[in-house]
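Please examine the model shown below.

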Amino acid sequence: MKSIPVRQAVGSVLCHDITRIIPGEFKGRAFKRGHVIREEDVPTLLDLGKEHIYVFDLHEGQVHEDDAALRIARAAAGPGLTLGQPCEGRINFHATHDGLLKIRTGALREVNSVEQVVLSTIHTNQRVVRGRAVAGTRVVPLVIDNESIETVEAICREHAPLIEVRPFRRLGVGIVTTGSEVYHGRIKDKFGPVLRRKFSELGCTVIEQMFVPDKVEMTVEAIRALLTMGAELIAVTGGMSVDPDDQTPAGIRAAGGQVVTYGAPTFPGAMFMLANIGDVPVVGLPGCVMYAGASIFDLVVPRIVAGESIEREDIVALGHGGYCAGCAECRYPVCGFGKGG
């Protein structure tokens, strides 16, 4: 940028805001950065005490902050995102649909390692709704070397998409509710309504809920019946502890489940099981899913619904941040629960 006399500035572009102060009445912006100075602006600028002003004087190989932000945003944004307009050098990313936010965190670190480049996001692997702002980018100076922006663009190409929102699949879900007390009607089922709500929020439909006592063979029969009905995801509730009469893990195994994990480093949700029968995921859900504001369900099931194949190492990674603080009022996902994974 360069300083020039106001009377010679007509047609030039301001590189900073100019403030107007009227004591006791007004304090605010009189001219916005990026404003093209007109003939009629000159008297006002002089009245504001601006005999000289700073305007852009871009040299070859330099990029204006708005153009730089736009290039970074276009390079980083993948499917499921829309970009806002530059505002004071910053561009925000918004979700175009409900889905699972995915961020390549290693590549994000690389981008932010480029001097004077800023790309900030919310945490990866969380459910977001349409319209939510999920990231923002800008450069620190008013102008930046083109070489820096080209470096960022190269990183984004190598790791594309750096940021995306994956849509949820509209899966047909089968539920098997275990427990002799529920099966015989001694207590009311409270798991079903919770799961129907949670799966509905993910765009899924519960096609059938079956009740069985704490017997392995009946759990197996129910799982197989749901598979025959076309269930694309099966949730088995209750009976997940190590008590002798809790037979759910044995039932999932006996039905042909290839176990990914039995146990997760999360509280609540430590007694979680994930298995696959062919290409159908089967989740064994502990009782905490029924009453906790956020649990292992919210950390893993949205990723399954979005089409991810969850591996043992994905579950292991949940240990960092997997301890719920037990706030009096649950505000998940506006908290750290599960964010370390």
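Thr178 has a relative accessibility of 6% and therefore counts as buried (under 20% relative accessible area, with exposed over 50% and partly exposed in between, for a 1.4 Å probe and protein chains only). This is a predicted model, in which local features need pLDDT of at least 70 and side-chain atom pairs count only at pLDDT 80 or more, while totals for chains, interfaces and linings use all residues. Residues are numbered from 1 along each chain as its sequence is written, and side-chain values use heavy atoms, with hydrogens and water left out.

Thr178 belongs to strand S14 (residues 172-178); strands (E, at least two residues) and helices (H or I, at least four) are DSSP runs numbered from the N terminus. A polar atom of the Thr178 side chain lies 2.8 Å from the backbone oxygen of Thr237, and the side chain also reaches the backbone oxygen of Gly238 at 3.2 Å. Leaving aside residues up to four places away in sequence, Thr178 touches residues including Val212, Asp214 and Thr248 (heavy atoms within 4.5 Å).

Two packed helices are described by the angle between their axes and the distance between the axes. Axes are lines fitted to C-alpha atoms, for helices over the stretch in contact, and angles run from 0 to 180 degrees between N-to-C directions. Helix H2 (residues 65-76) and helix H4 (residues 146-158) pack at about 10 degrees with axes 8 Å apart, and are therefore roughly parallel (under 35 degrees; over 145 is roughly antiparallel, 65 to 115 roughly perpendicular, the rest oblique). Among the contact residues are Ile72 of H2 and Ile149 of H4.

How values were computed: Polar contact = N/O pair within 3.5 Å; in protein donor to acceptor, adjacent residues only side chain to side chain.
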